[in-house]
Amino acid sequence: MDAVSDAARDLAVQHAAERLRHADSVHRPCEPVGDLIGDDLGAAYAVQQLVTELQVIGGARVSGRKVLDLAETHGGPSVVAGTLVDTMVVRHDERVTGRDLVQPRVAVRLAVRLVHDIPAGAGPAAVQAAIGAVGAALEIADMRVFGDQATAVDVVADNTGAGLVVLGPERSLRESPGPWSARVLLDDVASGPAVEVAWDDTVARLVELVAVVTEHGKPLLADEVVLLDSFGSAKPLGGDGRYAAEVDGEVIASIRLGTARPTMSEEAS
């Protein structure tokens, strides 16, 4: 690619990042970014990286990754990667408001914490050796691009829809070897049947993720948290209430959606 084309691509990436950041700031979905970057998956990852860099400049810290399968939903790759920053992580049972989100969807995800960097080309044995703990998380995915218009390129550019994450307790593989069964609860009522995820499948997905981040980003590093496969598809939030991740019959993470009630002093004023 010549210098002129490089400059045009860089400008398109910048404009796409600005569109996504604006949608995030006003909490309203935006048009797809394909009109700017076409179907260039490499450019989509460049948009994701630029948005992440701007978050870091603003004080955030990269804390992990997210894997997503776009083959059935968007006709894209079976493994794409997103970036997690620490400002996405909220406390268990924390209250958030719907006006702070754009198009939220909720899912339970398997999560692992790495204790070693994972080099390019690592196989199952090396990947498993790098995993120090396993757990689950409640994720509020939140696409900035209109959901019914988004292509695989939009999903990647928009950081695979990464929104908010509540991390559950971590356990060693010896304590929790899987398989695990999980589902989402809304005010203690199940939103659907429990879905099972096996450990061998998780390791295989992590091996695939290593190849993707090596090609399009940075290697997986020690102390990063990686959100892996969902226990079923992410579902739109059905309204205010307490959303919880139930794993093997136990609630391990939750978030409360809705406006906080005023205190007595606030009502008096």
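Predicted model: local features only at pLDDT ≥ 70, side-chain atom pairs only at ≥ 80, totals over all residues.
A pocket, in what follows, is an open set of points on a 1 Å grid over the protein atoms alone, with protein on both sides within 12 Å along at least five of seven lines, and its lining residues have an atom within 4 Å of a point. A cavity, on that grid, is a set of points where a 1.4 Å probe fits but cannot get out. Grid points are joined across faces, edges and corners, and a volume is the space filled by probe spheres set on the points.

Residues are numbered from 1 along each chain as its sequence is written, and side-chain values use heavy atoms, with hydrogens and water left out.

I will start with the second largest pocket. About 580 Å³ of space lies in it. Its lining is made of 24 residues, and D24, Q55, M88, R144 and A162 are the ones nearest its centre. Helices α1 (3-26) and α3 (41-57) each supply at least two residues of that lining. Helices here are DSSP runs of H or I with at least four residues, strands are runs of E with at least two, and both are numbered from the N terminus. By class, the lining of the second largest pocket has 9 nonpolar, 9 polar and 6 charged residues. For those classes, Ala, Val, Leu, Ile, Met, Phe, Trp, Tyr, Cys and Pro are nonpolar, Asp, Glu, Lys and Arg are charged, and the others, Gly among them, are polar.

Now the largest pocket. Its volume is about 750 Å³. It is lined by 31 residues, with L68, D69, T73, R105 and A234 nearest its centre. At least two lining residues come from each of β1 (62-68), α4 (71-74), β4 (104-114), β5 (131-142) and β10 (225-230). The lining of the largest pocket divides into 13 nonpolar, 9 polar and 9 charged residues.

Of its 12 residues, 11 are buried, so β5 is largely enclosed by the rest of the structure. Buried means under 20% relative accessible area, exposed means over 50%, and partly exposed lies in between, with a 1.4 Å probe and protein chains only. Which strands does β5 pair with? It runs antiparallel to β4, joined by 11 bridges, and antiparallel to β6 (residues 164-167), joined by 4 bridges. Two strands pair if DSSP finds at least two bridges between them.

The structure holds 1 cavity of 30 Å³ or more, and the largest cavity has a volume of about 60 Å³. β4 and β5 are the elements that give two or more residues to its lining. β5 gives the most, with 4 residues. Among the residues lining the largest cavity are A111, V134, L167 and V225. The lining of this cavity has 7 nonpolar, 2 polar and 2 charged residues.

A few single residues next. R205 is in helix α7 (residues 199-216). Is R205 buried or exposed? At 10% relative accessibility, R205 counts as buried. Its side chain reaches the backbone oxygen of S78 at 3.1 Å, a polar contact, meaning a pair of N or O atoms within 3.5 Å, where within protein one must be able to donate a hydrogen and the other to accept it, and residues adjacent in sequence count only if both atoms are side-chain atoms. Leaving aside neighbours within four places in sequence, R205 is in contact with residues including L68, D69 and L228, where contact means heavy atoms within 4.5 Å.

P124 is in helix α5 (residues 124-130). P124 counts as exposed, at 51% relative accessibility. Apart from neighbours within four places in sequence, P124 is in contact with V203 and V207.

Last, two aspartates. D93 has a positive phi of about 70 degrees although it is not a glycine, and D188 likewise has a positive phi of about 70 degrees without being a glycine. D93 is in the loop between β2 and β3 (94-96), and at 27% relative accessibility D93 counts as partly exposed. D188 is in the loop between β7 (180-186) and β8 (189-190), and D188 is exposed, with a relative accessible area of 62%.
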